[in-house]
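Please keep the sequence and the structure in view while reading.

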Amino acid sequence: MHWIIAPVILPALLAPFIVLGARYHISIQRSVSIAGSLAQIAVALGLFLGAADGTVTLYQLGDWAAPFGIVLVGDRLSTLMVLLTAVLALFVMLYAIGSRWDERGRHFHALFQFQIMGIMGAFLTGDLFNLFVFFEVLLIASYGLMIHAGGTARLRAGVQYVLFNLLGSTLFLFALGAIYAETGTLNMADLAERVTLVDPQATAGIRVASVLLLLVFAIKAAVVPLHFWLPSSYAEAPPPVAALFAIMTKVGAYAIIRVYTMVFHPELEATAGLHGVWLLPAALLSLAIGMVGVLAARKLDRLVTFAVIGSMGMVMVSISMFTQDSIAAALYYMVHSTLAAATLFLIVDLVGARRANLRLSALPMIPGAAMISGMFFMAAIAMAGLPPLSGFVGKLLILDAAFTTPLMAWTWAIILSASLISVVGFARAGSTMFWKAKSLGHQSSADDTVAPPAALSLVAVGGLLSLIVVLTIFAGQVHGFMSELSAQLFQPEPYISTVTDTPGKLSTPKEGY
Amino acid sequence: MEFLVASAIGIMTAVGLYLVMRLRTFPVILGIAMLTYAVNVFLFASGRLTIGAPPILRKGIETYADPLPQALVLTAIVISFGMTAVVVMIALGAYLGSDDDNVDDAPEEDTPGKGDAA
């Protein structure tokens, strides 16, 4: 019963311990981090299995009843995202330790735990203002992680990243103020009931609020034209951090799915048209721009950041159709794209640590090239969506979901041509970086000081890749689960009644009081 | 009173937006600060404007002040204060490192073909 708060509490306790108790002992920090990540996975798995049969778990903080107190809610969607975060965090942590990135600055492990805390909280909360608070928790930790290990280029990118997100937070507060002024509540389930009561003649306020909120989440999800913060900051961030950030764009997508299926759902008259008329074209545009960016990039790290924008575009295309099939497809693709993007960022670091620069030009072969290029090949196939890996399955599901929509021709044309462009982009990058290198021979002996990748780093990358393979092999089962999840999203009544009807303080007294 | 509060929010937002679109970090940070002031007042006003009304339910009183937006504003103030401090520190670091406080990307120094060994 109390387990649902564990994903938030656990890192919140570990992080101060790491700062206060193990400040000068990197080995203790590492073991605490790994143990925390493993415990996190265990808890997340428990929550996931508990919610898999469709039960909605409610946790009232301080036992205050729903519209007055803050609640955490665990349904299929929340627990799936929690599990994904926990698994990703473990592999990223393994890589950060293996590649010794965590030693290059201070407080990496503490910030990492705070970041996990914020992400978990954002996935579990059932209250919009609480969502804002958890966004800020994950953002302030991400500011620290983003400039971990310092350097002027990184600090400059950090300034842009922080400023853009501060603007986003301000916008979020404007949206929340407008929603509160219109409905008098910020609890999502309560809000879902109240927006239907808004006078149809006076919907201006609530419409403005819903657009503002969508803008905020679109900034997080890096939907064009609100994506400008992403390329510099992800490319300049330490690669393990960028790999963890792969889940952060999904926080935005999650919030859009949650709020725009439950509160401002497509049938709601006041906000109808927001999804299909505005969100879908923006998503198609970000898919196109992302993949063109993959082809146009001159450096490998930039290439991956644009692939992230493109894949978020793909997710958003599928989300913005707002049918049961399309949300299921979007969630499958979201899991895949998180894993694929994280893997690519880690591989970029494997390459970058062994080359003079990451520019797409032929340089002498790097040590351990066979292994690294093989992994890049696999991750690129997954990201570009070629068979046999999960990107292909996900894209197929999205195309299938788009088949009956009015904008089918546009959607199909853009998805397919964007895929082609990204295939060309990745192929060009891979062959320049790895194949052309072969003709130049090995690096001169002076550079032999660069060690081959640490075993732990390879385990981390290999683990993520094998998860992609597992996702492909069990695509049928996973998609079946996603369909059930999506069905739950489109019948929000059990969620709403669980939140609003569970007694607590300030509602009808319990027995024995 | 409504007009005063509304125009204050409007002017602060306008000033904030203008400053945010400047090219150097100092005005941009000031702009962000102005925007957060504006949003704080906006949140405060979202619970309706009342003067001298009690926030706790009592017998015989018709008008109440909504206490929730005040709690929200307090949270928002604390968070924006912390965030502004963070961005000032990072911006200082970036400025001292590169001797340049523009917020845009530094011009790329690489020329095509320079890195090609072939």
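Predicted model: local features only at pLDDT ≥ 70, side-chain atom pairs only at ≥ 80, totals over all residues.

## Chain B as a whole

Chain B contains 3 helices and 0 strands. Along the sequence, its elements follow the pattern α-α-α. Of the 118 residues in chain B, 26% are buried.

Contacts within the chain can also be described by separation in sequence. Among the contacts in chain B with a separation of 6 or more, 54% are between residues 24 or more positions apart.

## Helix α3 of chain B

Helix α3 of chain B covers residues 67-98, a run of 32 residues. The distance from its first C-alpha to its last is 47 Å, which is close to the 46 Å expected at 1.5 Å a residue. Just after α3(B), B:Asp99 has a positive phi of about 60 degrees.

Which residues of α3(B) are buried? They are B:Pro69, B:Leu72, B:Val73, B:Ala76, B:Ile79, B:Ser80, B:Met83, B:Val87, B:Ile90, B:Ala91 and B:Ala94. An α-helix has 3.6 residues a turn, so residues three or four places apart point the same way. The buried residues of α3(B) pack against α2 (25-45) of chain B, together with α5 and α6 of chain A.

## A loop residue in chain B

B:Arg24 is located in the loop between α1 (2-20) and α2 of chain B. This residue counts as partly exposed because it has 14 C-beta neighbours inside 10 Å.

B:Arg24 also illustrates how residues separated in sequence can meet in space. B:Arg24 and B:Asn102 are 78 residues apart in sequence, yet their C-alpha atoms are 4.4 Å apart. When neighbours within four places in sequence are left aside, B:Arg24 is in contact with B:Asp101, B:Asn102 and B:Val103.

## Where the two chains meet

Between the two chains, 29 residues of chain A are in contact with 33 residues of chain B. On the side of chain A that touches chain B, α5 (128-146) and α6 (152-183) each supply at least two residues. The most is given by α6(A), with 16 residues. By class, this side of chain A has 18 nonpolar, 8 polar and 3 charged residues.

## Two helix pairs in chain A

Two packed helices are described by the angle between their axes and the distance between the axes. The axes of α5(A) and α6(A) cross at roughly 175 degrees and come within 11 Å. The two helices α5(A) and α6(A) are therefore roughly antiparallel to each other, since an angle over 145 degrees counts as such. Residues of α5(A) in this contact include A:Phe129, A:Phe132 and A:Leu139, while those of α6(A) include A:Tyr161, A:Phe172 and A:Leu176. The residues of the contact of α5(A) with α6(A) divide into 13 nonpolar, 3 polar and 1 charged.

A second pair consists of α13 (residues 324-352) and α17 (residues 455-473) of chain A, which pack at an angle of about 155 degrees with their axes 10 Å apart. This angle makes α13(A) roughly antiparallel to α17(A). The crossing of α13(A) past α17(A) is left-handed. Among the residues that make the contact are A:Leu339, A:Thr343 and A:Leu346 of α13(A), and A:Val461, A:Leu464 and A:Ile468 of α17(A). By class, the contact of α13(A) with α17(A) has 14 nonpolar, 3 polar and no charged residues.

Most residues other than glycine have a negative phi, and most peptide bonds are trans. In chain A, the peptide bond from A:Val224 to A:Pro225 is cis, with omega near 5 degrees. A:Pro225 lies in the loop between α8 (204-220) and α9 (230-236) of chain A. The peptide bond from A:Pro387 to A:Pro388 is also cis, with omega near 10 degrees. A:Pro388 lies in the loop between α14 (369-384) and α15 (390-402) of chain A.

Positive phi values are found at A:His107, near 65 degrees, and at A:Phe322, near 50 degrees. A:His107 belongs to the loop between α3 (76-98) and α4 (108-124) of chain A, and A:Phe322 to the loop between α12 (300-319) and α13 of chain A. A:Phe322 counts as buried because it has 23 C-beta neighbours inside 10 Å.

Technical notes
Residues numbered from 1 in each chain as written. Chains lettered and ligands numbered in written order. Contact = placed C-beta atoms within 7 Å. Helix = DSSP H or I, 4+ residues; strand = E, 2+ residues; numbered from the N terminus. Nonpolar A, V, L, I, M, F, W, Y, C, P; charged D, E, K, R; others polar. Axes fitted to C-alpha atoms, helices over the stretch in contact; angles between N-to-C directions. Parallel < 35°, antiparallel > 145°, perpendicular 65-115°, else oblique. Left-handed = near helix turned anticlockwise from the far one by under 90°. Expected span 1.5 Å × (residues − 1). Buried ≥ 20, exposed ≤ 12 C-beta atoms within 10 Å, placed from the backbone.
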